[in-house]
Amino acid sequence: MNHLGADFLLNTSQLGLITATAFWGFPLAVIFAGMLVDVIGIKRLLILAFVFHLVGVLATIFAQGYLTLFFSTLLIGIANGTVEAACNPLVATIYPDKKTTKLNHFHLWFPGGIFLGTVLVFVANHFNIHWQFQIAVMLIPTLVYGILVLKYRFPVTERVSAGISTATMYKSVTSPLFIFMFICMFGTSITELFTSQWIDVLLANVTDNAILILTLTTGVMVVGRALAGPILNKFSAEGVLIASAALSATGLYLLSVLKGEPIFFAALVFGLGVCYFWPTMIGFVAERIPKSGALGLNLMGGRVCLQYLFIPYL
């Protein structure tokens with residue numbers, strides 16, 4: 001954000017709108033693709049995601065100003081959402097007896113990518129490597145997953161293979177339990193995503209290495225999600241979610257009051273808090289409300305669109 005603001009003379013409001021654009025595209029893609037995944041198939045959705053990622057990253061690299069960055073970020077957001085819309089039901093289909101554990105493993109690579117990215121950015125900034133070359137690194141995983149998608153065959157979703165009707169699926173997402181979890185997911189998503197996206201701006205006045213706080217937080221999330229199996233076997237999903245809420249709240253409070261070196265302890269607590277939050281929420285729905293199918297999983301991941309419409313103006 002800081003590099004883009006300096007190079008294109010963008011103010012904080014414009015940077016906020018560009019950032020929020022990714023979170024408009026992401027949930028809208030999750031919701032609409034979630035409605036279509038049973039019809040058009042997982043593979044076709046992932047091919048679309050690959051195209052959007054490729055065009056979005058290239059458009060960011062060759063951006064000419066605010067409008068270019070706005071639309072390139074929107075494309076990347078749509079691509080991210082399309083991947084999630086296709087892969088959440090894919091994971092639930094492949095591992096019907098270990099949905100929450102495997103969804104944690106799958107979502108390991110959200111913080112995993114950020115962890116690797118922040119390390120690369122820290123090193124690149126040290127050697128004054130331009131931000132366009134840093135963005136170009138994202139072409140590597142984009143091309144890799146595009147090749148893999150074209151290479152492999154994909155199953156139909158669990159709901160389709162089980163013969164559960166579309167009417168039953170829509171009825172399931174109106175159940176009291178689903179609506180409760182849907183509302184709770186607002187807090188989960190804004191706690192993890194908003195804090196991570198703006199970490200270098202939010203904490204710039206308390207530390208000179210705000211990017212390393214994000215590295216530490218996401219590193220904790222990677223390790224934690226990799227060890228999700230034993231944790232979820234020992235504690236129920238409900239217990240894990242309650243502990244996540246308590247640790248996240250504590251971590252956010254500590255991040256707001258600590259300065260200097262102690263703030264890295266706050267980042268550690270916060271990382272432990274958000275570690276299991278997102279994938280366990282989705283896994284809870286997959287296991288407790290299985291008839292909600294791909295639509296239920298993707299509605300859980302897609303309701304962030306409403307809150308991110310307002311964030312740039314707060």
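## A walk through the helices

Let's start with a pair of helices: the axes of helix 13 (residues 210-226) and helix 16 (residues 263-275) come within 8 Å and cross at roughly 35°. The model is predicted, so to speak of local features takes a pLDDT of at least 70 and side-chain atom pairs count only at pLDDT 80 or more, while totals for chains, interfaces and linings use all residues. Residues are numbered from 1 along each chain as its sequence is written, and side-chain values use heavy atoms, with hydrogens and water left out.

Helices (H or I, at least four residues) are DSSP runs, numbered from the N terminus. Axes are lines fitted to C-alpha atoms, for helices over the stretch in contact, and angles run from 0 to 180 degrees between N-to-C directions. The crossing of helix 13 and helix 16 is right-handed; a crossing gets that name if the near helix is turned clockwise from the far one by less than a right angle, and is left-handed if the turn is anticlockwise. On the helix 13 side, the residues that meet helix 16 are L212, I213, L216, T217, V220, M221, G224 and R225. Their partners in helix 16 are I263, F264, A267, L268, F270, G271, L272, V274 and C275. Contact here means heavy atoms within 4.5 Å.

Next comes helix 15 (residues 237-257), whose axis comes within 10 Å of that of helix 17 (residues 277-288), at a crossing angle of roughly 155°. That angle makes helix 15 roughly antiparallel to helix 17, a label for angles over 145 degrees; those under 35 count as roughly parallel, 65 to 115 as roughly perpendicular and the rest as oblique. Helix 15 passes helix 17 in a left-handed crossing. The contact involves A237, E238, V240, L241, S244, A245 and S248 from helix 15, together with F277, T280, M281, F284 and R288 from helix 17.

V240 turns up again if you look at I231, which touches V240 and Y276 once residues up to four places away in sequence are not counted. I231 lies in helix 14 (residues 228-234) and is partly exposed, with a relative accessible area of 28%. On this scale, buried means under 20% relative accessible area, exposed over 50% and partly exposed in between, using a 1.4 Å probe and protein chains only.

Now move to helix 4 (residues 66-94) and helix 5 (residues 99-106), which pack at an angle of about 140° with their axes 9 Å apart. That angle makes helix 4 oblique to helix 5, and their crossing is right-handed. C87, N88, V91 and A92 in helix 4 meet K99, K102, L103 and F106 in helix 5. K102 also has its charged end over the ring of Y95, 4.9 Å from the ring centre. For a charge to count as sitting over a ring, NZ of Lys or CZ of Arg must be within 6 Å of the ring centre and within 35 degrees of the ring normal.

What about the aromatic rings themselves? A search of the whole structure finds 7 aromatic pairs. One of them joins F8 and W131 edge-to-face, 6.0 Å centre to centre with 65° between the planes. This pair links distant parts of the chain, with F8 in helix 1 (residues 2-8) and W131 in helix 7 (residues 131-136), 123 residues apart. Rings of Phe, Tyr and Trp (its six-membered ring) pair if their centres lie within 6.5 Å; planes under 30 degrees apart count as stacked, over 60 as edge-to-face and the rest as tilted. W131 is buried, at 9% relative accessible area. Elsewhere, Y66, F70 and F71 form one aromatic cluster.

Leaving aside neighbours within four places in sequence, H53 is in contact with I76, A79, N80, V83, T142 and Y145.

L9 lies in the loop between helix 1 and helix 2 (12-40) and has a phi near 55°, a positive value in a residue other than glycine. N128, in the loop between helix 6 (109-126) and helix 7, also has a positive phi of about 55° although it is not a glycine. L9 counts as exposed at 73% relative accessibility, and N128 counts as exposed at 70%.

Notes: Helices (H or I, at least four residues) and strands (E, at least two) are DSSP runs, numbered from the N terminus.
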